[in-house]
Amino acid sequence: MSGFLAVFKNNFRRYRAMPGPVVLMLGFLAASVALAAFFGANTSSKGNVALVGETDSLMANIPGYNVTLVNEEPPVSDMMLGRYDAVVVDGGDGRFSVRTLKSRDLEEELRRAIENPTVAGKESEGRGAGANILGYLILVILLQGITFTGLYSEDRGSGALKRVASTPSGAGGYLLAQGASGFVLIFSSAFLVICAAKFLFRLDVGFSLAEYAGYLTLLTLGSVAFSLFVATIAGKPDDASAMGSSVALLTTILAGSYHDFSSSRPVLDALLKVLPQKSFLNLVEGANLLHTLPELIYLLAAPVLLIALSAFFADRKLKTGA
Amino acid sequence: MLRFMTLVKRDIGNLLSSPVLFLYNTLLPILMTLILGFLGNGDYSGSGVNAYDYYGISIMVFMLLNVSVTAANTFMEHTLKKANLRVIHAPIPRSWTYLSKIASTSLFTGTCFLLMMALNAFALGVDYGGRMVGYVIALMLAFNLMSAALGVLFCCIFKSEEVANKILSFITAVMAIFGGMFFQLDGFGPAAALISRLSPARWVLDGMFHIVYDGSLSDFLPALLSLLGLTALCVLGSKRFFRTEDYV
């Protein structure tokens with residue numbers, strides 16, 4: 001226990017000794033959380049359509065879509081870049097043509113929506129503001145975890161780890177301390193920014209502060225566990241950072257934080273379910289805590305497992321002298 | 001010039017000998033393009049354009065951002081740091097110390113990306129502009145250079161490769177997400193569109209898409225000149241922040 005406390009307190013002394021980078025990183029964290037809150041609060045998930053026609057066109061209002069009136073057909077790149085999901089050209093007299101790069105389904109839906117304006121359009125509710133924000137935050141906090149457990153990789157290289165691990169508290173105590181100090185920094189900054197967003201800027205952040213505290217705890221826990229694990233496996237700090245951020249990025253995108261990769265391939269879906277990020281997303285989008293209990297358990301168990309594995313591997317590497 | 005090339009050759013040798021860096025610049029982009037393209041294809045109809053086309057370009061732009069991390073590594077990775085001291089004391093201009101790192105990183109990563117473009121074009125059918133591919137390549141190389149210069153600049157400012165690395169990885173990932181590399185952000189409204197316009201990665205992405213899909217060069221010159229301008233700023237910044245005593 002004393003080993004844990006010593007390393008924990010010392011970490012903060014080390015952070016105080018290099019205020020520049022720490023402040024910068026916390027600043028970025030704050031900025032990203034703010035951006036996420038800002039982006040996420042806007043939950044409109046309607047499709048965007050460019051309408052080429054007159055202002056009194058019959059199609060100026062298509063239910064379920066944001067329609068922008070334009071003078072001429074926008075360039076193809078606008079559709080590639082996502083500014084518009086489809087272009088509708090009003091040919092007059094109720095004739096129209098739909099052009100889209102996306103799937104046939106979208107084309108069909110649009111046609112139906114135009115021809116029968118009374119039918120409720122693509123009213124997909126989309127995620128709530130809170131779920132949106134947390135979705136963006138997954139990656140941010142994962143990356144921050146990698147940053148703040150950097151002291152660990154440093155200690156590996158400098159031999160300080162060997163010294164601490166030979167004390168009675170062992171490598172496990174050391175790792176917990178590293179995890180704890182990272183956790184405190186990341187959690188407090190992220191939480192403070194959410195509070196500021198809610199109270200100072202009066203943004204609708206979706207969930208209550210208590211819920212945010214809970215979700216952020218889960219997220220930070222996962223992030224810290226993951227980065228400790230990566231740092232234990234990789235040797236040098238840069239390897240850990242490069243590998244860790246690449247894996248974090250790829251898995252977070254695949255898990256659908258930003259874009260739903262709804263594929264019709266069940267094997268892939270099953271594989272993706274393993275990702276904790278997917279469980280987290282299910283958890284925040286689910287209305288009922290009881291329903292999402294298995295996800296919650298997974299999200300608590302996975303970090304614990306990762307930390308245990310890290311301790312195991314760290315010990316082994318020390319003994320074999322890696 | 002010959003002496004400068006000696007430095008550059010040595011640096012490239014160092015880059016090649018680090019397996020992680022090498023894989024990071026070759027395997028990772030290919031893997032990401034394959035996976036994201038494969039999954040994203042559900043969104044696209046087969047009208048000639050598909051997810052591979054989108055990711056073929058956007059992943060490349062994302063990896064170009066990451067060139068800064070590679071550059072930081074070439075410059076100050078702790079096994080290499082002391083060697084810089086010997087270079088400083090050689091009878092060559094001091095600025096060659098960091099200029100050679102920018103040059104070697106750009107040469108190395110530039111080649112990796114050209115290879116990647118070729119692979120994407122032939123294996124995945126990614127459209128890089130046909131006859132206009134020269135302009136796309138020019139933008140790619142300019143951004144490549146700028147990223148390398150940025151990486152070296154951050155190293156000079158933060159004096160430590162680990163710190164620069166962490167900051168750069170973080171900025172890169174955030175710029176990528178909010179810059180719309182992985183999924184199109186314009187659909188989120190004008191505020192989102194504005195924020196994503198702030199990043200040079202966005203200019204390059206837009207420029208490349210305009211060239212390939214609209215045949216329009218209107219973005220090309222402004223983007224190219226801005227990138228070269230930013231590169232010059234980074235080099236000047238490096239000159240200002242570079243201090244020989246940091247290597248002792």
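## Aromatic pairs and a helix crossing

B:Tyr98 and B:Phe242 are both buried. The model is predicted. In this model, 18 aromatic pairs are counted over all chains. Two of the pairs are tabulated here.

| Ring pair | Centre distance | Plane angle | Class |
|---|---|---|---|
| B:Tyr54 and B:Tyr55 | 5.3 Å | 80° | edge-to-face |
| B:Tyr98 and B:Phe242 | 5.0 Å | 65° | edge-to-face |

The pair of B:Tyr98 and B:Phe242 joins distant parts of the chain, 144 residues apart. B:Tyr98 sits in helix 5 (residues 96-124) of chain B, and B:Phe242 in the segment after helix 10 (220-241) of chain B. B:Tyr54 has a relative accessible area of 1%, so it is buried. B:Tyr55 is buried too, at 5%.

Chain A holds a cluster of rings. Ring pairs link A:Phe4, A:Phe8, A:Phe12, A:Tyr15 and A:Phe148. Beyond its neighbours within four places in sequence, A:Val184 is in contact with A:Phe8 and A:Phe12. A:Val184 belongs to helix 8 of chain A. Its relative accessibility is 36%, so A:Val184 counts as partly exposed. From A:Val184 to A:Thr217 the C-alpha distance is 9.8 Å, across 33 residues of sequence.

Helix 8 (residues 170-199) of chain A also packs against helix 13 (residues 293-320) of chain A: the axes come within 9 Å and cross at roughly 130°. That angle makes helix 8 of chain A oblique to helix 13 of chain A. The crossing is right-handed. Helix 8 of chain A contributes A:Ala171, A:Gly172, A:Leu175 and A:Leu176. They meet residues of helix 13 of chain A, including A:Ile307, A:Ala311 and A:Asp315. By class, this contact has 7 nonpolar, 2 polar and 1 charged residues.

Terms used:
Residues are numbered from 1 along each chain as its sequence is written. Chains are lettered from A and ligands numbered from 1 in the order in which they are written. This is a predicted model: local features need pLDDT of at least 70, side-chain atom pairs count only at pLDDT 80 or more; totals for chains, interfaces and linings use all residues. Side-chain values use heavy atoms; hydrogens and water are left out. Axes are lines fitted to C-alpha atoms, for helices over the stretch in contact, and angles run from 0 to 180 degrees between N-to-C directions. Helices (H or I, at least four residues) and strands (E, at least two) are DSSP runs, numbered from the N terminus. Angles under 35 degrees count as roughly parallel, over 145 as roughly antiparallel, 65 to 115 as roughly perpendicular and the rest as oblique. A crossing is left-handed if the near helix is turned anticlockwise from the far one by less than a right angle, and right-handed if clockwise. Contact means heavy atoms within 4.5 Å. Ala, Val, Leu, Ile, Met, Phe, Trp, Tyr, Cys and Pro count as nonpolar, Asp, Glu, Lys and Arg as charged, and the others, Gly among them, as polar. Buried means under 20% relative accessible area, exposed over 50%, partly exposed in between (1.4 Å probe, protein chains only). Rings of Phe, Tyr and Trp (its six-membered ring) pair if their centres lie within 6.5 Å; planes under 30 degrees apart count as stacked, over 60 as edge-to-face and the rest as tilted.
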